[in-house]
Amino acid sequence: MTLTVVDSGPIDRESALADLEDESIHILREVVATFDRPVLLFSGGKDSIVMLRLAEKAYWPGKIPFPVMHVDTGHNFSEVIEFRDRRVAELGVQLVVASVQESIDGGRVTEQPGQSRNPLQTVTLLDAIAEHRFTAVLGGARRDEEKARAKERVFSVRDEFGRWDPRNQRPELWDLYNGRHRAGEHVRVFPLSNWTELDVWGYIRREGIEVPDIYYAHRRDVVRRDGMLIAVTPFTPPFENEEVWSETVRYRTVGDATCTGAVRSDASTVDEVIDEVAASTLTERGATRADDRASEAAMEDRKREGYF
């Protein structure tokens, strides 16, 4: 048998974005219809910013009917924290800050000298979910970010210990989602699963959405560490043998400053960022997140334990 490949022409980006928006809004409405205590994870990063815009649209003209939560390591970029606080104030939504520092002070986790606090977020997150009795946790993870995230369903059940088993997931057919869970369990929900980094930036351009200015090119003092450009901050001072220099950089992803690298870039507008992302052959996490380089299964191991 001979197969004939039909050229469907260039992708209609506007139509694709409209379809992705419709799907995400449908998922957000399903969450409110299914769960009594949802929460949206909001870090001030571009994916969660897009999630907030989608939530605005999903429930308009009403307000977003659930709180947002940030699992704060205490080592975040100041520009992102300022943006987080300003944005939630503009929307009038409740902000829950789950503090890793409080987990350390309470003896729930132990900080290792010289190590990032990123892995410690899991305990803080699970404690906050239990304390507030959240039954659904909306996250901005996308399947194109990292291979473990590509294994997630849109509705992904966590057991009573917050653990995920990638071999025991429910099938999802078309747009039918299963939110059933037992007491003590909760469900992680990923409305951006089918989006790519390029889709997110395309949506930011289409909607005229503001993002923290560290996503655009700026001058910053950096050092080279673990093959990445690490900004010099109060949490990441240079080591004795490290050279510090000023570089024009931007961030593709924002997270804990101790493990998030910058990339050299002159992209100072949304259009220039889109051109840069379209030309890149590296995923954003593969290029700029030290915590994902610990091993081939680093993210999957953390997700099994309850990470985002």
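In which sense do strand 5 and strand 6 pair, parallel or antiparallel, and over how many bridges?

Tutor: This is a predicted model, in which local features need pLDDT of at least 70 and side-chain atom pairs count only at pLDDT 80 or more, while totals for chains, interfaces and linings use all residues. Residues are numbered from 1 along each chain as its sequence is written, and side-chain values use heavy atoms, with hydrogens and water left out.

Strand 5 and strand 6 pair in the antiparallel sense, over 4 bridges. Strands here are DSSP runs of E with at least two residues, helices are runs of H or I with at least four, and both are numbered from the N terminus. Two strands count as paired if DSSP finds at least two bridges between them. In general, strands of a sheet pair through backbone hydrogen bonds, either parallel or antiparallel.

Within this pair, Phe155 stands opposite Val189 of strand 6. Strand 6 also pairs with strand 4, in the parallel sense and over 3 bridges; there Leu138 stands opposite Val189. Strand 6 points His186 and Arg188 one way and Val187 and Val189 the other, and all of these are buried. Buried means under 20% relative accessible area, exposed means over 50%, and partly exposed lies in between, using a 1.4 Å probe and protein chains only.

Strand 4 (residues 136-138) runs parallel to strand 1, joined by 3 bridges, with Val39 opposite Val137. Strand 1 in turn pairs with strand 2 (residues 68-72) in the parallel sense over 2 bridges, and Leu41 faces Met69 across that pairing. Strand 1 (residues 38-41) is covered on both faces: Pro38 and Leu40 are buried on one side, Val39 and Leu41 on the other.

Back at strand 5 (155-158), the loop from there to strand 6 (186-189) holds Trp174. Trp174 is exposed, with a relative accessible area of 75%. Together with Leu173 and Leu176, Trp174 makes a nonpolar surface patch of about 430 Å². Patches are made of residues with over 30% relative accessible area and no salt bridge; like charges are joined within 9 Å, and nonpolar side chains (Val, Leu, Ile, Met, Phe, Trp, Tyr) within 5 Å. The areas come from the Shrake-Rupley method with a 1.4 Å probe, and for residues only the protein chains shown count as cover.

Strand 9 (residues 245-250) and strand 10 are joined antiparallel over 2 bridges, where Val249 is opposite Arg264.

A salt bridge ties into this region: Arg225 and Glu242 have their closest N and O atoms 2.6 Å apart. That pair links distant parts of the chain, 17 residues apart, with Arg225 in strand 7 (residues 218-225) and Glu242 in the loop between strand 8 and strand 9. Both Arg225 and Glu242 are buried. A salt bridge is a side-chain nitrogen of Lys or Arg within 4 Å of a carboxyl oxygen of Asp or Glu, and by this rule there are 30.

Two further salt bridges show contrasting surroundings. Glu145 and Arg149 come to 2.9 Å between their closest N and O atoms; Glu145 is buried at 5% relative accessible area, and Arg149 is buried at 8%. Glu82 and Arg86 meet at 3.0 Å, N to O, and are partly exposed, Glu82 at 43% relative accessibility and Arg86 at 28%. Glu82 and Arg86 are 4 residues apart in helix 3 (residues 78-91), so about one helical turn separates them. Both belong to a network of salt bridges whose members also include Glu21, Arg53 and Glu207.

Among the buried ones are Trp201, Tyr203 and Glu207.
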